[in-house]
Amino acid sequence: MENWTADAAENFVFEKLAKGSARQEADGERSYKKYTHVRQSQRGSKPYYTCVLWWVGVALMGLGELGNFAAYGFAPASLIAPLGCVSVIASAVISVAFLKETLRASDILGGALAVAGTYLLVTFAPHTTQHITAHAIHRYVVSWQFLVYLGVEVLLFCVLLYLYKRRNVKHIVVVLLLVALLASVTVISVKAVSGMITESVEGNLQLIYPIFYVMVVVMVASCAFQIKFLNQSMKLFNATEVVPINFVFFTASAILAGIVFYQEFYGLALLNIFMFLCGCLLSFLGVFLIARNRPQVKTERPFVDIGQVPGRRCTDKVQPEPSSLTYGSLAGDKGQTESST
């Protein structure tokens, strides 16, 4: 680990703003795809997957996620995770520009706070570089700090999973804490895989070590279960609740994982740590203001209740009682059923 010069730190800030905006790009492309769905539904003709605009959104979203993955190989995880607030700002802007959503005062205030928090994060984040090699990952895995952290995390995950599955505690904090605990493992493995790939590209081959493939398996498994619990939270709760809380929990778990596993705050001045945490707090508040009380899209009912048809009264039962002889037959077949008996 080596300290950067002033010029290198300046280049680092510029590069990480670009790299961190990869998450912004990915979230923006989700809004872009949503815009395509809206346009296609208004036309009511071809399926959405036949639209070129939709495929452009898919390609750009994949490119953004690829850039977000690559960023972990160049910058501290404690910096990349909080920069996800930029994606929320981008999503709000694109929603106003393309989806014609209303720009609220809370959106402007939240965006301003998120931008101020992003500036503090980039300015006071750890400006150090790490060479993520297989030997370094081995050393981090067996360190006592990580072993204690992993033990506490596994214990907490088991307790939350017991409450969620056995006790049927469907609280948003319980579900999103499960997501956050898995996210911390995901961040550790993603940075390890991305860092070792970066080292291999630069000539220091790391793909021959088993730890690389172990981290790949951990990354895929943690991502899969993280998506599973996140989808369940979206089914149980409103998106305006899930988005800000998940962002706070994910960011906190990613920062903690970077501090404990990769020791990213080692040697950092107390003032830098304080200002960095202030930047996180401003970003959290900004995301909350942007996401709160956002109106939900209401779809029209594709059917008409027969009881609401003018001049018609519904007197027949749609389905007779199971004990009736006409059970399983249409209303017009009632007479035929009775005559056959």
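Helices here are DSSP runs of H or I with at least four residues, strands are runs of E with at least two, and both are numbered from the N terminus. Asn168 has a phi near 55 degrees, a positive value in a residue other than glycine. You are looking at a predicted model, in which local features need pLDDT of at least 70 and side-chain atom pairs count only at pLDDT 80 or more, while totals for chains, interfaces and linings use all residues. Residues are numbered from 1 along each chain as its sequence is written, and side-chain values use heavy atoms, with hydrogens and water left out.

Gln263 also has a positive phi in a residue other than glycine, near 50 degrees, and its place is in the loop between α10 and α11. With a relative accessible area of 29%, Gln263 is partly exposed; buried means under 20%, exposed over 50%, and partly exposed in between (1.4 Å probe, protein chains only).

A pair of aromatic rings is described by the distance of the centres and the angle of the planes. Rings of Phe, Tyr and Trp (its six-membered ring) pair if their centres lie within 6.5 Å, with planes under 30 degrees apart counted as stacked, over 60 as edge-to-face and the rest as tilted. The whole structure holds nine aromatic pairs. In one of them, Phe146 and Phe261 have ring centres 4.8 Å apart and planes at 80 degrees, so this pair is edge-to-face. Because Phe146 lies in helix α7 and Phe261 in the loop between α10 (239-260) and α11 (270-291), the pair ties together parts that are 115 residues apart in sequence. Phe146 counts as buried at 10% relative accessibility, and Phe261 counts as buried at 1%. Phe157 and Phe229 also make an edge-to-face pair, since their ring centres are 6.5 Å apart and their planes at 80 degrees. Here helix α7, with Phe157, is tied to helix α9, with Phe229, across 72 residues of sequence. Tyr140, Phe146, Phe261 and Tyr262 form one aromatic cluster.

Lys191 is among the residues lining the largest cavity, as are Tyr72 and Thr128. The second largest pocket is lined by 18 residues, and Phe146, Leu150, Glu153, Val185 and Val218 lie nearest its centre. Two or more lining residues come from each of α7 (144-165), α8 (172-201) and α9 (210-236). Of these, α7 gives the most, with six residues.

How values were computed. 1 Å grid on protein atoms, 1.4 Å probe; cavity = no way out; pocket = protein on both sides within 12 Å on 5 of 7 lines; lining within 4 Å.
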